[in-house]
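Subject: Structure for your attention

Dear colleague,

Please find below the structure that I am handing over to you. My findings follow directly after it.

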Amino acid sequence: MIRLLEHGSSEYWDTVALRDRVLRKPLGLEFTQQELLAEDGQWHLALYAGDQVVACLVLVPLDGGEVKMRQVAVDPDAQGQGLGRRLVEESERLSRERGYGLMTLHARETAIPFYERLGYAVVGDPFTEVGIPHRKMV
């Protein structure tokens, strides 16, 4: 089951814990209070197995019909089961439903093949974000 969560709810904090474990800690990074406060007004999606969050992502609505996908995380024990694909597809559906027609993201180099399989294309030059190589994709 995929749910849209309210910022600051206990379910939201479950997604922060997953994102921290999967995306931040391996890079030696931690969320700041300012970063988490800035997520208010963004859309927080979580995919559940029973009552456990196993995958999540954040969508940032921007001007001009654009939505930026960020902080996509799947529990390592649940990877390879199509959960990331399901979550991305739901985020696209939700964005279209809300009148947005362009999805962008900053993909870690290691995640580019995943997004390419979902129809995303690399645009522009490589850049460094959170200390590792990324590419913009649309």
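Which pattern does the protein follow when read along the sequence? The order is β-α-α-β-β-β-α-β-α-β-β, with helices (H or I, at least four residues) and strands (E, at least two) taken as DSSP runs numbered from the N terminus. In total, the secondary structure comes to four helices and seven strands. The radius of gyration of the protein is 14 Å, close to the 14 Å that the globule rule gives for 138 residues, so the protein is as compact as a globular protein of that length. That radius is taken over C-alpha atoms, and the globule rule is 2.2 Å times the number of residues to the power 0.38.

As to provenance, this is a predicted model, in which local features need pLDDT of at least 70 and side-chain atom pairs count only at pLDDT 80 or more, while totals for chains, interfaces and linings use all residues. Residues are numbered from 1 along each chain as its sequence is written, and side-chain values use heavy atoms, with hydrogens and water left out.

Overall dimensions and packing

Along the principal axes, the C-alpha atoms fill a box of roughly 40 × 35 × 35 Å. Of the 138 residues, 41% count as buried (under 20% relative accessible area; exposed is over 50% and partly exposed in between, with a 1.4 Å probe and protein chains only). Among contacts (heavy atoms within 4.5 Å) between residues at least 6 apart in sequence, 58% join residues at least 24 apart.

The largest pocket

The largest pocket has a volume of about 750 Å³. A pocket here is an open set of points on a 1 Å grid over the protein atoms alone, where a 1.4 Å probe fits, with protein on both sides within 12 Å along at least five of seven lines; lining residues have an atom within 4 Å of a point. The volume is the space filled by probe spheres set on the points, which are joined across faces, edges and corners.

The lining comprises 28 residues, of which Leu23, Gln71, Val72, Arg108 and Tyr115 lie nearest the centre of the pocket. Helix H1 (10-24), strand E4 (66-74), helix H3 (83-97), strand E5 (102-108) and helix H4 (112-117) each supply at least two lining residues, and E4 gives the most, with seven. By class, the lining has 14 nonpolar, eight polar and six charged residues (Ala, Val, Leu, Ile, Met, Phe, Trp, Tyr, Cys and Pro count as nonpolar, Asp, Glu, Lys and Arg as charged, and the others, Gly among them, as polar).

Gln71 is found in strand E4. This residue has a positive phi of about 55° although it is not a glycine, and it is buried, with a relative accessible area of 15%.

Strands E6 (residues 122-129) and E7 (residues 132-137) run antiparallel and are joined by five bridges; two strands pair if DSSP finds at least two bridges between them. Phe127 has His134 in E7 as its bridge partner. None of the eight residues of E6 is buried. Two residues separate the strands of this hairpin. Val130, in the turn, has a positive phi of about 45° and counts as partly exposed, at 41% relative accessibility.

An exposed loop residue

Asp63 is found in the loop between strand E3 (52-61) and E4, and is exposed, with a relative accessible area of 73%. The C-alpha atoms of Asp63 and Leu87, 24 residues apart along the chain, are separated by 23 Å.

Yours sincerely
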